[in-house]
There are 2 protein chains.
Amino acid sequence: MPDNQTHQEAPSIGVVRESGADERRVALVPRAVASLIAKGLDVVVESGAGAEALMGDDLYLAAGATIGDAWSADIVLKVAPPTDTEIARLKAGSTLIGFLAPRNTENKIAALQNAGIVGYAVEAIPRISRAQVMDALSSQANVAGYKSVILAASLSTRFFPMLTTAAGTVKPASVLVLGVGVAGLQALATAKRLGGRATGYDVRPEVADQVRSVGAQWLDVGIDAAGDGGYARELTAEERAQQQTALETAISTFDVVITTALVPGRPAPRLVTAAAVHGMKPGSVVIDMAGETGGNCEVTVPGETVVINGVTIASPLNLPSTMPEHASELYSKNLTALLELLVRDGRLDPDYSDDVVALSCVTRDSVSNRI
Amino acid sequence: MPDNQTHQEAPSIGVVRESGADERRVALVPRAVASLIAKGLDVVVESGAGAEALMGDDLYLAAGATIGDAWSADIVLKVAPPTDTEIARLKAGSTLIGFLAPRNTENKIAALQNAGIVGYAVEAIPRISRAQVMDALSSQANVAGYKSVILAASLSTRFFPMLTTAAGTVKPASVLVLGVGVAGLQALATAKRLGGRATGYDVRPEVADQVRSVGAQWLDVGIDAAGDGGYARELTAEERAQQQTALETAISTFDVVITTALVPGRPAPRLVTAAAVHGMKPGSVVIDMAGETGGNCEVTVPGETVVINGVTIASPLNLPSTMPEHASELYSKNLTALLELLVRDGRLDPDYSDDVVALSCVTRDSVSNRI
């Protein structure tokens, strides 16, 4: 049985080239390759896997990898969810680790199960202290939150910092961040760094202290909707109306609004209405980071940048990919840490009694059949 | 004589619409219009003059301006140098204030003289304390210096700030600014704000203290080439060789290089050789702000962004225009201050015994004839 064979000897690790046009990240950077090789694992890298992250095959070779058919490795590491074509290239019984979009109704998890692939979704890693080092959602949200502010500053007709010049003083930009998870907190911190006045809003009052800890103001509209797993629950109709009124008033006073609000498995909540955009001063900017699930802003066109009454509304879909070097570096560390739970004593030997392993394995049914 | 007439009554001020495709600034913002009107002047604004700066005709009307033929005003305010077509629209004997590129061999100053226009070039305002409030070169360089860092952060594959996350620590970006005038100093300050490690270099050792005052390091290569008017003189062949060797070594260690070195009336000095670019790590970024005079980097394509061996070299030509609101606001204050020297007791009555007036008037020959 090929399955048993892979359990007897050191598994090979494959690092494949991403096929998405906008995906510049790579699952494992050369430095991480070197650390796996030092542990006695073989690493096969698809030619050009790191090219878009500006890490050439030569760097992978220097780290000890071979350049070759990474898709038929025992454990394949990837960033974006696989396409059907990509699943067909994986060998039966192999393991795939990456973003698998388990909460997305159109995911490929059933296809992986049918192909006999064991899939670990980084999104399904529980957000507990011990697993923070593997938390790819957080590491990539850090990148996205930082870059959202850089993008806002690029698009703004105004300075972020207060500027005192011989020709007069320019007021600092006021920045409102709606939804304060990892991305929102990093956006607040970055806006503050750059000299802006930052304000955070969330329906989970417990994040107010985190907002204040980065030097930002907390916008309180009197709603408490903390939900499971650190996310918010959906609001009631009454709460939504209360929130909408409060936010419409608040938004009109800000130069920049950055939205990052997500409700797991549901369309993104609409926090910025068309009326709120209409109330903003021309030259203001909205960065909607929830475009992939429809957007937090009513006039968002996911993936596009539109200008309405002089207000720019940008909805970038994959901000981490725009900083491929550091995003890949952090993601590498996440995957390397997860691999340590799966490869024990040099063999692929996942311990399914460990919650981190059990919960991140989203093809568990097929795994159960095999155990 | 029409000339005498304009001296007898309050001159009309015209704010025209810029014709350059990439020029989003406007010479006078509505707030500045209101201040001139409070002084009893008439202001005529060309329809759409502020549109690209997101300041609609309605705002100018609300400030007390009329929308109409701004080109036939007594004093026309502009941003970019006029085209021949635009000069033809000015009335004989009128005054034009704006960037007139007096040091550019292809400027329109002779054309203005031939048309009987009195031109004041903001570039020719002496850089003395009293005239700082009119110093448009400085106000716009502040915008450009800030935006150069935002652009670098947009293009970089890396973070600027140090980031300490569960998945490890990311080193801060190292930023080298070559040429520390107003733009360079603002670039250093902005890079520092954003969390980068900033280093400044200039051939004028006296700016070292300014560099250190914004928390940046000073790169000393042992050259002293301070010149007139706060600018540097051209280096000798020997100094150039010394500088090139020192910079090639230094540049390879930086994530971001921003160049702002100008020598008045001469092509921009070549500070970043092709070899230096070749020595940089893939993913690094060069922002060449001297593209208009040929660039400080040997591989710069003015106005373009090119990638060579994974290093991005961007040469934006008009960064202030990308922040039209604040750039226009500061420029407005510069022009308003200069106007105060030209319009006295409600009449156009320039005092040519004032150095600021005399030196900024670049069509002085024709003026002398008229006085």
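1. Across the interface of chain A and chain B, 13 residue pairs are in polar contact, both residues at pLDDT 80 or more. A polar contact here is a pair of N or O atoms within 3.5 Å; within protein, one must be able to donate a hydrogen and the other to accept it, and residues adjacent in sequence count only if both atoms are side-chain atoms. On the side of chain A that touches chain B, the elements giving two or more residues are α6, β7, β8 (168-170), α7 (182-193) and α11 (324-342). Helix α6(A) gives the largest share of that side, eight residues. (Helices are DSSP runs of H or I with at least four residues, strands runs of E with at least two, numbered from the N terminus.) By class, that side of chain A has 19 nonpolar, 17 polar and eight charged residues, where Ala, Val, Leu, Ile, Met, Phe, Trp, Tyr, Cys and Pro count as nonpolar, Asp, Glu, Lys and Arg as charged, and the others, Gly among them, as polar.

2. Some housekeeping: this is a predicted model, so local features need pLDDT of at least 70 and side-chain atom pairs count only at pLDDT 80 or more, while totals for chains, interfaces and linings use all residues. Residues are numbered from 1 along each chain as its sequence is written, chains are lettered from A and ligands numbered from 1 in the order in which they are written, and side-chain values use heavy atoms, with hydrogens and water left out.

3. How much does the interface bury? About 3600 Å² between chain A and chain B, with carbon and sulfur atoms giving 63% of it; that is the accessible area (1.4 Å probe) the two parts lose on being put together, summed over both. In chain A, the residues losing the most area to chain B are A:Thr157, A:Phe159 and A:Arg193, together 17% of what that side buries. Each chain puts 44 residues into the contact (heavy atoms within 4.5 Å).

4. Two salt bridges are counted between chain A and chain B, a salt bridge being a side-chain nitrogen of Lys or Arg within 4 Å of a carboxyl oxygen of Asp or Glu. B:Arg158 pairs with A:Glu325, closest N and O atoms 2.7 Å apart. B:Glu325 meets A:Arg158 at 2.8 Å, N to O.

5. B:Asp255 sits in the loop between α9 and β12 and B:Arg158 in the loop between α6 and β7, so the pair ties together parts 97 residues apart in sequence. Both are buried.

6. Please look at B:Arg130 and B:Asp354 too, a salt bridge at 3.1 Å, N to O. The two loops involved, β6 to α6 and β17 to α12 of chain B, are 224 residues apart in sequence. B:Arg130 is partly exposed at 46% relative accessibility, whereas B:Asp354 is buried at 13%.

7. Lastly, B:Ser332 in helix α11 of chain B counts as buried, at 1% relative accessibility. Beyond neighbours within four places in sequence, B:Ser332 is in contact with B:Ala27, B:Leu28, B:Val29 and B:Ala32.

How values were computed: Buried < 20%, exposed > 50% of the residue type's maximum accessible area, 1.4 Å probe, protein only.
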